[in-house]
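Here is a short note to read alongside the model. Keep the 3D view open and check each point as you go.

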Amino acid sequence: MAEGLERPIGLRRPGPAGPWWLRALAMVDRVYGGFAIARDEFALSRLREGQWSSLVVERYEAAEGFYSGANNARGFVEDEQALVARWLPPPPGRVLVPAAGAGREVLALAAAGYQVAAFDPAAPLLAEMRDSLRRRGIDGPVALASYWDFMNAVLGSAGPGSLTDILATAPFAAVLLGLNSFTHLRTLETRVRLLKACRAICPTGPVLATFYLERIPMSRVRGRARSLFALLPGAQPVSRGDQVGIYGYEHAFSQDELREVAALSDYELAHLGAGFLPCGVFLACASPR
Ligand SMILES: C[S@@+](CC[C@H](N)C(=O)[O-])C[C@H]1O[C@@H](n2cnc3c(N)ncnc32)[C@H](O)[C@@H]1O
């Protein structure tokens, strides 16, 4: 895609060969596109981490139809399958799946012989996961909980709350962060805190994750909107890779960022597969610094 363009031109800029009405519609589309960019950039500059988190969960709750049924039946996609086969310790170790949604990874792991435990903050997805596990006779604690509940329960002063049964089964052999959920964490501090919580309940095992790596191109309109909104009082910091996708806030990582978050959490990024589904592995450093 040409530098500075947000999407392929298509009918966005018809020349004299196009009839007048097509040129008029294209003009409306460009104005609308500019507003949509300004809306996203304004939201990035104003909304705080907790607000983004609630919005993201709300979007997933609304997408329940997509995540149950066929999505669950799909099991691991090819890149995930390769990741799991190479980096998970052999079954029957217990694997924790945070952000498990309707249970796609949990069902696939159980079918491969692993013991499982899982949580997710989207109530309709969790209900679907509970049903699916029960129907297949799979035993393993599941809970309605977010990453914040998990981090506070493991690292903070909050009690285990809904995570009591799950935490009672620690230590885990590995952690598999639910598909792309790491991407929705708004700040470096939270990403580091999450990995530290994983380390606390899985001291020697790997943390497997999937990421967005592809950044929305920085068009002129987007760049200007970002600089302008940053000047407003109370603006939230917005960095490269921060963007708004169909589920709300997402961060598209560079390899350096992933290495940084790993180092700050006493992990090393042992693998980064930048295929169709970018996946990575955080391995615990031998002795915490
Ligand atoms: C792309 S879906 C993946 C669902 C499931 N793992 C799968 O692959 O089918 C991302 C999941 O992340 C969960 N999620 C979003 N924000 C979260 C948060 N703050 N804490 C924990 N999970 C979160 C959503 O509820 C959703 O189920």
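How many bridges join strand β2 (residues 115-120) to β3, and do they run parallel or antiparallel? The points below start there.

1. **Ground rules.** This is a predicted model; local features need pLDDT of at least 70, side-chain atom pairs count only at pLDDT 80 or more, and totals for chains, interfaces and linings use all residues. Residues are numbered from 1 along each chain as its sequence is written.

2. **β2 and β3.** The answer is 3 bridges, and the two strands run parallel. Asp-120 stands opposite Leu-144 in β3. Strands here are DSSP runs of E, at least two residues long; helices are runs of H or I, at least four; both are numbered from the N terminus. Two strands pair if DSSP finds at least two bridges between them.

3. **The whole sheet.** An open sheet is formed by 7 strands, in the order β3-β2-β1-β4-β5-β9-β8, with mixed pairing. β3 (142-144) and β8 stand at the edges with a single partner strand each, so one side of each has no neighbour in the sheet. On average, neighbouring strands are turned by 15° against each other, direction ignored. Axes are lines fitted to C-alpha atoms, for helices over the stretch in contact; angles run from 0 to 180 degrees between N-to-C directions.

4. **Strand β9.** Look at residues 279-284. Of the 6 residues of β9, 5 are buried, so the strand is largely enclosed by the rest of the structure. Buried means 20 or more other C-beta atoms within 10 Å of the residue's own, with C-beta atoms placed from the backbone. β9 runs antiparallel to β5 (residues 207-210), joined by 4 bridges. Thr-210 stands opposite Cys-279. With β8 (residues 267-273), β9 pairs in the antiparallel sense over 6 bridges. A hairpin of 5 residues joins β8 to β9.

5. **Two helices.** Two packed helices are described by the angle between their axes and the distance between the axes. The axes of α1 (residues 20-46) and α11 (residues 220-230) come within 9 Å and cross at roughly 35°. The contact residues include Gly-34 and Phe-42 of α1 and Ala-225 and Phe-229 of α11. Contact means C-beta atoms, placed from the backbone, within 7 Å.

6. **The ligand.** Which residues come nearest to the ligand? Of the 23 around it, they are Ala-99, Gly-101, Arg-104, Gly-178 and Leu-179. Near means a C-beta atom, placed from the backbone, within 6 Å. α2 gives the most to this shell, with 4 residues.

Definitions and conventions. Contact = placed C-beta atoms within 7 Å. Buried ≥ 20, exposed ≤ 12 C-beta atoms within 10 Å, placed from the backbone.
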